[in-house]
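Student: Before we begin, could you take me through this structure slowly, setting each term against the rule behind it?

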Amino acid sequence: MAVQDIMPSWVGATAKQIARAVRRGDTSATQVVADHLDHIDRSNRELAAFRVVRGGEAIVEAEKVDEQDDLANLPLAGVPVAVKENTAVAGLPTWNGSEAARTPVAEDDHEVVRRLRGAGAVIVGVTRMPELGIFGFTDDETAATRNPWAPDRTPGGSSGGSAAAVASGMVPIAHGNDALGSIRIPAACCGLVGLKPGRGVVPCQLGANDWYGLGEQGILATTVADAAVGFAVLAGRRPEKLVPPERLRVAVSLRSPVAGVRPDLANRDAVAAAAKLLAVAGHDTVSADPVYPTSLGLRGIATWLAAAANEVEAAGLQPSTLQRRSRRHAALGAWALRRGLVREQDRTQWRERSIAFFTDRSVDLLLTPALAAAPPSATGWAARSWRANLLTCIRYAPYAGPWNMAGLPSLVVPVGLRPDGLPVGVQLTGPPGSELLLLGVAGQFELAGPWRRHAPDWPRLPAPAG
């Protein structure tokens, strides 16, 4: 039987399946990429996940992969990958979320893009994000990126386009970056595995100053194995086989970092379900809440504001050309900087306190909700007030930001569905250097409670001929 009879299209296959098939000669990178470009052409008009699709260029790059002699050493051989639009891809502008924030055509790839290409990946396009990556929704004046699970809902932000692309099968894995939850929030919204590595593990080089060191480059995927391979490539490591961790002690907490914000029933149930999965895997759980200082929220918001102000100044952007929510955010950031509200010592103290949590409580990992509420609506956020954007982000996604402030590795993994049919996930956080441990536990979740890899009705493939 011909391979084409077994796999009429490579859309929907995992990154590991594709790379293995290309390395073995069961298919070509060119065929894989062509299949995915066809799917993107059919699907992106509805979901608006991509800002730019590199159709012809991607085919040429796939052909070059097929011509290489060392396919056996390429962990992502022929795998179509999307890159978030605030990360330089040679030959393309770096859009940064809007026409107003766009910078000129990049002459060179960002280091993480270079590593993806070096591993055999083919960059099929760049995915949408909110202007300057500020907010937890992905829309601008040209389009609203939609959640494949429910097109009236947001896929989150700021790596919302990457999440929508993966959840709909337009690519098997996608690049994202995360300064206050921008990988993990979309992963939770779209039922994906989303990993934010710890500080210094992957080259960030994001914007003016890596968002004061909060930013990290990472991966969104439909399986833990794909997330692990993507992480290894970005970190410049050889992919390792994940080893299921032996008995761990995991702290479980529902406490929100933001006073007055509580997780809804679906997210509380998700944590309870995850705790049961941990027990099935042989781990122990204990109730233990991190002590989020009151000042953390205020300092975190001040840093969020100031990061945007730095981006506007460093890029020489005219505030009047930006969306009003972005303009207000950056103006308040400049005010926060003048008042001395953004201080390295606050971030250092929180990092030390966060690391001490694991040692003082004798726990290996922390389990929390990924979100506090369902993903909000998809449209109109770019035209709404700064206050509406700010409050909605805080109310639905308060759990991610503290771990950027601490610089600790953190991962979101799916654990089921909400009553409304949308996916729900939980967040696992660990001490420095625990990325593989987090992935190992997520792999145990996947084994004990498999999840649907793509949104219902996706990927939409063409009808068979005849």
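Tutor: Let us start with Ser256 in this predicted model: leaving aside neighbours within four places in sequence, Ser256 is in contact with Val261, Tyr292, Pro398 and Tyr399. Ser256 is found in the loop between β9 (249-252) and α10 (265-280).

Student: Why is Ser256 called buried?

Tutor: Its relative accessible area is 12%, and buried means under 20%, so Ser256 counts as buried.

Student: What makes the pair formed by the side chain of Ser256 and the backbone nitrogen of Val258 a polar contact?

Tutor: A polar atom of the Ser256 side chain lies 3.0 Å from the backbone nitrogen of Val258, and the cut-off for such a pair is within 3.5 Å.

Student: Are Cys190 and Cys393 buried or exposed?

Tutor: With a relative accessible area of 1%, Cys190 is buried, and Cys393, at 9%, is buried too, because the limit is under 20%.

Student: Where in the chain is confidence lowest, and where is it highest?

Tutor: Helix α1 (residues 3-6) has the lowest confidence, with a mean pLDDT of 44, and strand β2 (residues 80-84) the highest, at 99, while the chain averages 96.

Methods. Residues numbered from 1 in each chain as written. Predicted model: local features only at pLDDT ≥ 70, side-chain atom pairs only at ≥ 80, totals over all residues. Heavy atoms only, no water. Buried < 20%, exposed > 50% of the residue type's maximum accessible area, 1.4 Å probe, protein only. Helix = DSSP H or I, 4+ residues; strand = E, 2+ residues; numbered from the N terminus. Polar contact = N/O pair within 3.5 Å; in protein donor to acceptor, adjacent residues only side chain to side chain. Contact = heavy atoms within 4.5 Å. pLDDT = per-residue confidence, 0-100.
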